[in-house]
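I opened my notebook to look through this model one feature at a time. Here is what I wrote down as I went.

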Amino acid sequence: MEEEIREEGDEREHAARVEALRRVALAQIRQYPDPVLRLHANEVGSFDDHLSRLADRMTQLMHDARGVGLAATQIGVLQRLFVFRTDEDDEARAVVNPALTSRSSETDVFDEGCLSLQGVLVPVERSVEVTLEGRDLAGQPLQLELEEQAARVVQHELDHLDGVLILERTDDESRREALATLRRNLSRQG
Ligand code: NI
């Protein structure tokens, strides 16, 4: 019995720690309507330590914020780099100078959230399969055939590098609701 009580306490403590880490991470991620989220990021030219440190920091933030993708623009760095993972238990991958070289005409619609748009979940239509090309952190060419959730995540992150948010990818009614939520967030922050 005592053991059980202690375990419950540990679990609560763990959950509180996870939530605290999430908040600390979110505080370091640019939030709507930060104008940097609207800017187009530049091609990366040098594959150096600075770049891998940036990717490490982004991976840690994505992990702590419990997201599945994070683009450099979301931390105010205008470089074409994002990190992503297929789900929360997956190993993160960094892609530099990404481009979609093919996308399926077949699409599907699912709700998407964004670490820069707290409390917003809107339906977005995306290609089901894509080919993503780019470079890894060492500058080596990289080609990924992705589908479903992974394909969706990279389309979302690539949008970030072009200053595009899910607000522009959803239908009018969902956009109105999302903007109302974001206005409420802002007034709560004072
Ligand atoms: Ni996002």
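**Entry 1: the largest pocket**

I started with the largest pocket, which is lined by 24 residues; Val-68, Glu-112, Gly-113, Cys-114 and Leu-115 lie nearest its centre. I had to look up the term: on a 1 Å grid over the protein atoms alone, a pocket is an open set of points with protein on both sides within 12 Å along at least five of seven lines, while a cavity is a set where a 1.4 Å probe fits but cannot get out, and lining residues have an atom within 4 Å of a point. The volume of the largest pocket is about 450 Å³. Volume here is the space filled by probe spheres set on the points, with grid points joined across faces, edges and corners.

I noted for myself that this is a predicted model, where local features need pLDDT of at least 70 and side-chain atom pairs count only at pLDDT 80 or more, but totals for chains, interfaces and linings use all residues. Residues are numbered from 1 along each chain as its sequence is written, and side-chain values use heavy atoms, with hydrogens and water left out.

Which elements supply the lining of the largest pocket? I found that helix H1 (2-27), strand E4 (107-114), strand E5 (117-127) and H3 each supply at least two residues. H3 provides the largest share, 6 residues. The helices (H or I, at least four residues) and strands (E, at least two) are DSSP runs, numbered from the N terminus. By type, I wrote down 9 nonpolar, 9 polar and 6 charged residues for this lining. In this scheme Ala, Val, Leu, Ile, Met, Phe, Trp, Tyr, Cys and Pro count as nonpolar, Asp, Glu, Lys and Arg as charged, and the others, Gly among them, as polar.

**Entry 2: the nickel ion**

Next I looked up the metal. Which residues are the protein donors of the nickel ion? They are Cys-114 (SG), His-156 (NE2) and His-160 (NE2), and they lie 2.1 to 2.2 Å from the ion. Donors are N, O and S atoms within 2.8 Å of the metal (3.2 Å for Na, K and Ca); water is not among the atoms, so sites may look incomplete. Along the sequence, the donor residues are spaced C-x41-H-x3-H. I liked that Cys-114 in strand E4 and His-156 in helix H3 link distant parts of the chain, 42 residues apart.

**Entry 3: the second largest pocket**

The second largest pocket has a volume of about 320 Å³. It is lined by 14 residues, and Leu-26, Gln-31, Gln-118, Asn-185 and Gln-189 are the closest to its centre. H1, E5 and helix H4 (172-189) each supply at least two residues of this lining, and H4 gives the most, with 5 residues. I sorted the lining of the second largest pocket into 6 nonpolar, 5 polar and 3 charged residues.

**Entry 4: the open sheet**

Then I traced an open sheet of 5 strands, in the order E1-E2-E3-E6-E7, with antiparallel pairing. Two strands pair if DSSP finds at least two bridges between them. Why is one side of E1 and of E7 left without a neighbour in the sheet? Strand E1 (69-71) and strand E7 (141-147) stand at the edges, so each has a single partner strand. From one strand to the next, the twist averages 40 degrees.

Strand E6 (residues 129-135) pairs with E7 over 7 bridges; Val-130 has Leu-146 in E7 as its bridge partner. E6 and E7 form a hairpin with 5 residues between them, and Gly-139 in the turn has a positive phi of about 95 degrees. E3 and E6 run antiparallel, joined by 5 bridges.

I also checked the helices. Helix H2 (residues 49-65) lies across E1, strand E2 (81-84) and strand E3 (93-103), at about 40 degrees to E2. Helix H3 (residues 148-161) lies across E1, E2, E3, E6 and E7, at about 155 degrees to E2. Contact means heavy atoms within 4.5 Å. Axes are lines fitted to C-alpha atoms, for helices over the stretch in contact, and angles run from 0 to 180 degrees between N-to-C directions.

**Entry 5: a hairpin and two backbone details**

E4 and E5 run antiparallel with 7 bridges, and a hairpin joins them through 2 residues. The peptide bond from Tyr-32 to Pro-33 is cis, with omega near 5 degrees. Arg-66 has a positive phi of about 60 degrees although it is not a glycine.
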